[in-house]
Amino acid sequence: MRQKTGWQNVYICLQEVRDYILTNTIQRAGIMMLILLSTLACSNDQVMQYNGMSTTISEQSDQHPVYRPDLFPEHVVIPFEESLGQPLEKDTPPIGSKLIQSFVLPGSEAEVLVYTNEDASLGLTGYLKGRNSEWKLGDMSNFDENQAWIHPLSFLTGEVSGAVIEIPFGSIGAKKGLLTYHHDTDSWNVVDFQGQTAIPMDLDSDGVPEWIGNQTDWVPPALEIHRWVTEHERFESTVLQSSSLSPDMADETPSYSSLFIENGQHLIQIGNNDAYAFFIYEQGVLKQCRPVDTRDRVLEMQMARRH
């Protein structure tokens with residue numbers, strides 16, 4: 001029997017090494033396949049769980065607030081604060097400008113003046129003139145002398161006179177504004193509603209209008225009320241969206257409010273994601289009312305906008 005040569009021994013060793021490597025490679029491939037399959041299985045479980053969670057959230061989003069007047073106070077005094085005013089700067093019309101029109105506030109010597117600028121192409125500018133002072137109201141490019149643009153606030157008496165401007169004015173392009181002049185201090189206040197829409201409306205039928213911003217485009221919608229407070233001689237405002245109706249409702253603070261006019265009644269719906277109720281406004285107080293028709297008007301309004 002012939003003995004194996006050195007080269008034959010090397011060849012045999014190489015074959016054994018190859019077989020070892022192939023065996024380990026197959027084993028590793030099998031292990032990797034098992035890991036991959038396990039990972040896919042876990043991922044599918046997570047997807048199923050996520051889909052289940054999504055379905056739950058979707059189901060919850062389909063839940064609508066319900067009419068629950070018992071969760072809201074019967075009446076509450078609304079917290080009002082001084083309405084934000086537009087800052088004014090002392091200024092006089094430049095030399096070369098031309099007076100287009102003036103409006104004298106009733107019961108005073110105060111005036112609202114409209115002037116051209118030095119360059120007529122730059123439009124018109126408004127000024128407020130008091131007893132011994134003059135202030136710049138700002139741009140009034142939409143002024144048309146053939147259209148009504150200002151009206152007196154006839155309910156103001158005593159040491160305060162006022163008017164409402166019905167056209168855009170000022171640096172932020174206010175859509176309208178309330179002007180009040182204090183005789184004793186020769187000073188002005190200008191409420192421009194921060195550029196938001198506001199309309200006069202006598203909510204409580206007391207003969208004095210409130211200025212209402214029914215901001216249905218806000219998210220969530222909110223009712224803004226501006227009213228004249230005689231004892232403070234100023235306009236004050238509130239946004240019912242952020243008003244706390246009751247200390248006992250710390251976790252139920254209304255998240256929205258909106259005004260609806262039905263059969264001559266001013267109906268205010270206030271609520272959150274769970275419940276809502278209806279109120280009427282009377283001289284700074286919200287009083288709960290229970291209409292025969294208790295459907296969710298805010299939800300109907302939002303659904304109508306989606307279609």
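Lys-90 stands opposite Trp-135 in strand E8. The strand that pairs with E8 here is E4; the two run in the antiparallel sense and are joined over two bridges, with E8 covering residues 134-139. Strands (E, at least two residues) and helices (H or I, at least four) are DSSP runs, numbered from the N terminus, and two strands count as paired if DSSP finds at least two bridges between them.

The model is predicted: local features need pLDDT of at least 70 and side-chain atom pairs count only at pLDDT 80 or more, while totals for chains, interfaces and linings use all residues. Residues are numbered from 1 along each chain as its sequence is written, and side-chain values use heavy atoms, with hydrogens and water left out.

**The sheet**

E4 and E8 belong to an open sheet of five strands, in the order E4-E8-E7-E6-E5, with antiparallel pairing. Strand E4 (89-90) and strand E5 (99-104) are at its edges; each has a single partner strand, so one side of each lacks a neighbour in the sheet. In general, the strands of a sheet pair through backbone hydrogen bonds, either parallel or antiparallel.

Strand E6 (residues 111-116) pairs with E5 in the antiparallel sense over five bridges. Glu-111 in E6 is the bridge partner of Val-104. The two strands, E5 and E6, form a hairpin with six residues between them, and Gly-107 in the turn has a positive phi of about 70 degrees.

Asn-132 is found in the loop between strand E7 (124-129) and E8. Is this residue buried or exposed? Asn-132 has 65% relative accessibility and counts as exposed; the cut-offs are under 20% relative accessible area for buried and over 50% for exposed, with partly exposed in between (1.4 Å probe, protein chains only). From C-alpha to C-alpha, Asn-132 is 9.6 Å from Ser-187, and the two are 55 residues apart in sequence.

**The whole chain**

The protein chain has two helices and 20 strands. Of its 307 residues, 39% are buried. Contacts (heavy atoms within 4.5 Å) between residues at least 6 apart in sequence join residues at least 24 apart in 48% of cases.

**Salt bridges**

A search of the whole structure finds 11 salt bridges. The term stands for a side-chain nitrogen of Lys or Arg within 4 Å of a carboxyl oxygen of Asp or Glu. The table lists some of them.

| Pair | N to O distance |
|---|---|
| Arg-234 and Glu-82 | 3.4 Å |
| Arg-234 and Glu-236 | 2.8 Å |
| Arg-297 and Glu-262 | 2.6 Å |

The salt bridge between Arg-234 and Glu-82 links distant parts of the chain, with Arg-234 in strand E16 (residues 234-239) and Glu-82 in strand E3 (residues 81-82), 152 residues apart. Arg-234 is partly exposed at a relative accessible area of 29%, and Glu-82 is partly exposed at 42%. Glu-236, which also forms a salt bridge with Arg-234, is buried at 4%.

Arg-297 and Glu-262 meet in a salt bridge. Arg-297 lies in helix H2 (residues 297-306) and Glu-262 in strand E17 (residues 256-262), so this pair ties together parts 35 residues apart in sequence. Arg-297 is buried, with a relative accessible area of 4%, whereas Glu-262 is partly exposed at 25%. Salt bridges that share partners join Glu-262, Asp-293, Arg-295, Arg-297 and Glu-300 into one network.
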